[in-house]
Amino acid sequence: MTTPVPIPHPPGVPILGNVFDMDKDTPLNTFERFAQQYGEIFVLNFLGREVVVVSSNALAQEVLDERRFFKGARRNALEQIRVLTGDALFTAYHGEENWGIAHRVLVPAFGPASILGMFDDMYDILSQLVLKWERFGPKHAIDPADDFTRLAFDTIAYCAMSYRLNSFYTEGTPPFVQAMGSFLRESGARMSRPSIVQRMMGQTNVKYEQDQRQMMDLAKEIVEDRKQHPNDRKDLLNAMLKGRDPQSGKGLSDVSIMQQMITFLIAGHETTSGFLSFVMYFVIAHPEVYAKLRAEVDSVLGQERMRPEHLGRMPYMVAVMRETMRLKSSIPGYSVEPFQDEIIGGKYLVKKDTNVFILAINVNRDPKVYGEDADEFKPERMLDGKFEALPPKAWIPFGNGARACIGRGFAWQESQMAIATLFQKFDFRFADSDYKLQINQTLTIKPKDLRIYAIPRTDTTFSLGLAPTPSVMKTAATTTSVNGDAEANLKQMYVLYGSNTGSCEMFAQRIANSSPAHGFKATIGTLDSVTSKIPTDGPVIIITASFEGEPPDNAGHFVKYLESAPADNAPFANVRYAVFGCGNHDWVHTYQRIPKLVDATLAEKGAQRLVDRGEADAGGEGFFECFDEWEAKLWPVLIETFGAVASDDPNTGLNVDISAPTQRASTLRQQDAQLGTLLVNRFLTKPGANEKRHLEFMLPEGMTYRAGDYLAILPVNPPASVKRVLTRFKLIPEQEISISSNSPTTLPVGRPINVSDLFSGYVELAQPATRKNIEALLHYAPSSGSTRTALEKLLADYVPAVLEKRTSVLSILSNYADIDLPLSVFISMLPAMRVRQYSISSSPLWDPTRVTLTIGVIRDEALDDSHELFQGVASTYLANLTKGDRVQMAVRPSTTAFHLPADPTTPIVMFASGSGIAPMRGFIHERAAQKAAGREVGKALLFYGCRSPEKDFLYIDAELQDWIAQDVVDVRPAFSRDSEKSEGCKYVQDRVLHDRKDIIAAFNQGAKFYTCGSTRVAAGVKAACINIVEERIKAKSAEQEPGSAAPTADEVWAKIVNERYAADVFG
């Protein structure tokens, strides 16, 4: 057994211990000083009560293990605060019943959907702050802590309780805030006073009780007002007044409701106001951060008022927020207690009932995690996957586990809105240019004596625009009516959910509501409603969340049932299922744990997975859109698997009415935010070479990108293909059709549409026909004869005759005029027009509003019997664009690995051929801009393959030659038709082997490697690199002792791929 080592401790005085060591105004200063002096753990003594303080990530991982330690609310400041808040969420003792009741009642009200629904109310209060600062003018020294207190105070009251406190319209500090500050300071001070001294402080005790009454009176006023004027708002107050604990059936008493309200008002506004104040300080104090944040806000918001969809589009702002919380967490620490005597750090004994204080503000700055610059403000350390890669408990501003901040999503959205809107509207400066950060501490911390100027920007016409935002998602129950005959034909399905916040339940209800339209009758229930037998008479759709790695309250029994089922006899063999998970990536190490567990366990124990698991990230962009995309994949599989479409008619319920020929009416897509403008379209290749083009676009307003990202283009079909359709179905371009459908569709329904527009932009015409398509064509072909024989042969020889020859439905119809296919069936066969993703070939450092593409244009002779030129849909569309044309586009991020290293001095080695040079040009473009700005950049090697230096050596006659001259990049070409001009190297892999010494040198200098090109290019580069690795292994083996084991080339290559290699492979 390990012999415990004494925990370091500062010397104290008899009886009082370390009371006199503490900084009276800012105790945090003392804790930090002692942590610097004594290390990651020390113990303090206050009047005989010992407090163990830990300040390293390693020890935090141990004491924040909820299997060993629980939240401590005894013998500390929280116990003093309990005289006001009782057993409310923040101050409840471990295991108190009322905490569990309140937590289960309130969690749904803090779910992502509920918080998003508060967007307009939050903006309402935020607008009052903006108007105040605007009216004060550029020369008024603003106290941000005071105004952010009003902002957060009014926001929590209005959004959570529908109660307007109007703090911005009152002089002086709001009475509640004044009482709260006094109460919290006194609560903290009482911890270091002997009880006999406390009893003698008459005036102080009277004031302490007055402060409590002041706060309780406000809570009582709000509750009574709601009872006298009830409403149906889905806010926290109604949740507490009307809610019942799903486990015990109990509700909250009026006293408990008032205590919870005071807790929200204290914790909710005190922490957020401090956090926003620190954001202002750090951003203003770091001009480079200020410039990046403002540029991102301008890029995303432009002149528009903020909308919900903007929340997930500002990654740099999120990094600023995370870095601020890391350095100055509003709650600098919190306490836990061990369930029993524990050894931590392998040598320190912590006895049961000991108060352990986690100095979170130091844990968040542990140099062993964040490096020697851990005390510096660097938002970049939260970008490019670095935040997600942090070890457990390295970023803990919101607390820990089950007792973590229940309102973190509320505070996060409120803060995002405030930061973005304020930097959109104002320029900021310190009122005192020499200001140095100091801390004001109560229960939380804020900047002390910070004053700023808010100068209205003259380069924006932004208006607050207080009308409700149209894109805020409002969810409402819907009812689908199905007549008796139709219901008899519906297939049974089961929709099961596990949900604490309500988001998963909402998604489940959406599936149930739309099930009749897809041929199903849904039974909906919680996962815990199925704990003995999972249904097998229909698909089982599971939608569940994960909370700190644990199942939702109404899914715990189901998860245990899954895990305990024996695996040896496939207990779920007849179950057919699909899983969708909700989570928040901020909980990096437990993200999507329960959805993954449910999905994997069902499959391992015999169940049949219908579609791949879907997931939505409440902490990222597109929470609701992710579900929409997954649902769109789900229904076709269910319909096909379970035969939900009873009729053999391929029409599938699509009805088409053809109008008489009329004047053509153009149908324009109205998504202006997604419309970019072509600025440049030029050839890159000379006659005789495969056509390559350079295109430059003005991005849609608010759209941003990074070097290495994709630009998704929504193209239109070539005019020649559209003309073939019109000819085949005897239509003229001016005709319109109206489409109706009894199931969800991507086609334009409910309005007339021009046939040319329909076949140009909504459907794919060149996709190879599926087997199902050909079977449908047989249904409409003559019962005998050459056409039927030809179709049957296409089915029999499907791969060589259809797939390899790219034979489309349109081609078949053009070749066989006697197939009497209705237009409606033809349209239903066609896939929806899909976007094409192209690697961006520029850097935002060149111009954040512009983006370039480098594309190869596909125009080949037909392989089928149509004798029509085969044209790539998107490349042909792009090649035919002219300056000023509007294009539907969206930036899509590439994988985390396929971006430049955060440190520009890191060398890079790039392998590409043809248009695969696109992302490499973006990387070089960025390095060139950095070097031009005076930054040191690492060596860049580009291995590039093309046919000849004269015809298709892309960009060599322009910027690439300049970048070579500037020593930004060293290009090593391989010319397949002129290899004598590239050191005898025909292909990229040949040049890699030829220049192996330079590859090895770059690797030894820590270079990162990238490949972009076809599968053939990627395979060739891989083979060449493995060849080099084998040579190195053999050389090292010759120098090693006999018998020592050396790794294989494949093992070394796998390690390189995992750590320093990224590929973007196509075709």
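Is isoleucine 15 buried or exposed? In this predicted model, isoleucine 15 counts as exposed, at 73% relative accessibility. The residue is found in the segment before α1, a helix that spans residues 27–38. Isoleucine 15 is not a glycine, yet has a positive phi of about 70°. Serine 162 likewise is not a glycine and has a positive phi, of about 55°. Serine 162 is placed in the loop between α7 and α8. Most residues other than glycine have a negative phi.

Salt bridges were examined next. The count comes to 52 salt bridges. Side chains of opposite charge can pair when their charged atoms come close. Aspartate 121 belongs to helix α6 (residues 119–136), while arginine 233 sits in the loop between α10 and α11 (236–242), so the pair ties together parts that are 112 residues apart in sequence. Aspartate 121 is buried, because its relative accessible area is 16% and buried means under 20%. Arginine 233 counts as partly exposed, at 32% relative accessibility.

Helix α6 also holds aspartate 124. The side chain of aspartate 124 meets that of arginine 164 in a salt bridge, at 2.7 Å from N to O. Arginine 164 lies in the loop between α7 (144–161) and α8 (175–190). The two partners are 40 residues apart, and the pair links distant parts of the chain. Both ends of this bridge have intermediate accessibility. Arginine 164 is partly exposed, with a relative accessible area of 36%. Aspartate 124 is partly exposed as well, with a relative accessible area of 23%.

A further bridge joins lysine 446 to glutamate 270, with the closest N and O atoms 3.4 Å apart. Lysine 446 is part of strand β10 (residues 445–447) and glutamate 270 is part of helix α12 (residues 254–285), so the contact ties together parts that are 176 residues apart in sequence. Lysine 446 is buried, with a relative accessible area of 9%. Glutamate 270 counts as buried too, at 6% relative accessibility.

Some bridges are joined in a network. Glu323, Arg326, Asp373, Glu376, Lys378 and Arg381 are linked in this way by salt bridges. Lysine 378 also provides a reference point for helix α12. Phenylalanine 282 and lysine 378 are 96 residues apart in sequence, and their C-alpha atoms are 9.8 Å apart in space. Phenylalanine 282 is placed in helix α12. Phenylalanine 282 is buried, with a relative accessible area of 6%.

Another pair of C-alpha atoms is separated by 67 Å, namely those of leucine 184 and arginine 972. These residues are 788 residues apart along the chain. Leucine 184 is placed in helix α8. At 4% relative accessibility, leucine 184 counts as buried.

Ile196, Val197 and Met200 make a nonpolar surface patch of about 320 Å². Isoleucine 196, one of these residues, lies in helix α9 (residues 195–199). Isoleucine 196 counts as exposed, because its relative accessibility is 52% and exposed means over 50%. The other patch is charged. Asp217, Glu221, Glu224 and Asp225 gather on the surface in a patch of negative charge. Aspartate 225 lies in helix α10 (residues 202–228). Aspartate 225 is partly exposed, with a relative accessible area of 34%.

One annotated position was also located. The UniProt annotation "binding site", from an unreviewed entry, covers Cys405. Cysteine 405 is placed in the loop between α16 (367–370) and α17 (408–425). Cysteine 405 is partly exposed, with a relative accessible area of 36%.

Note on methods: Residues numbered from 1 in each chain as written. Predicted model: local features only at pLDDT ≥ 70, side-chain atom pairs only at ≥ 80, totals over all residues. Heavy atoms only, no water. Patch = residues over 30% accessible without salt bridge, like charges linked within 9 Å, V, L, I, M, F, W, Y side chains within 5 Å. Areas by Shrake-Rupley, 256 points an atom, 1.4 Å probe, with all protein chains shown as cover. Salt bridge = Lys/Arg side-chain N within 4 Å of Asp/Glu carboxyl O. Lys, Arg positive; Asp, Glu negative; His and termini not counted. Charge placed at Lys NZ, Arg CZ, Asp CG, Glu CD. Helix = DSSP H or I, 4+ residues; strand = E, 2+ residues; numbered from the N terminus. Buried < 20%, exposed > 50% of the residue type's maximum accessible area, 1.4 Å probe, protein only. UniProt positions renumbered as here; feature names shortened; annotations may be inferred.
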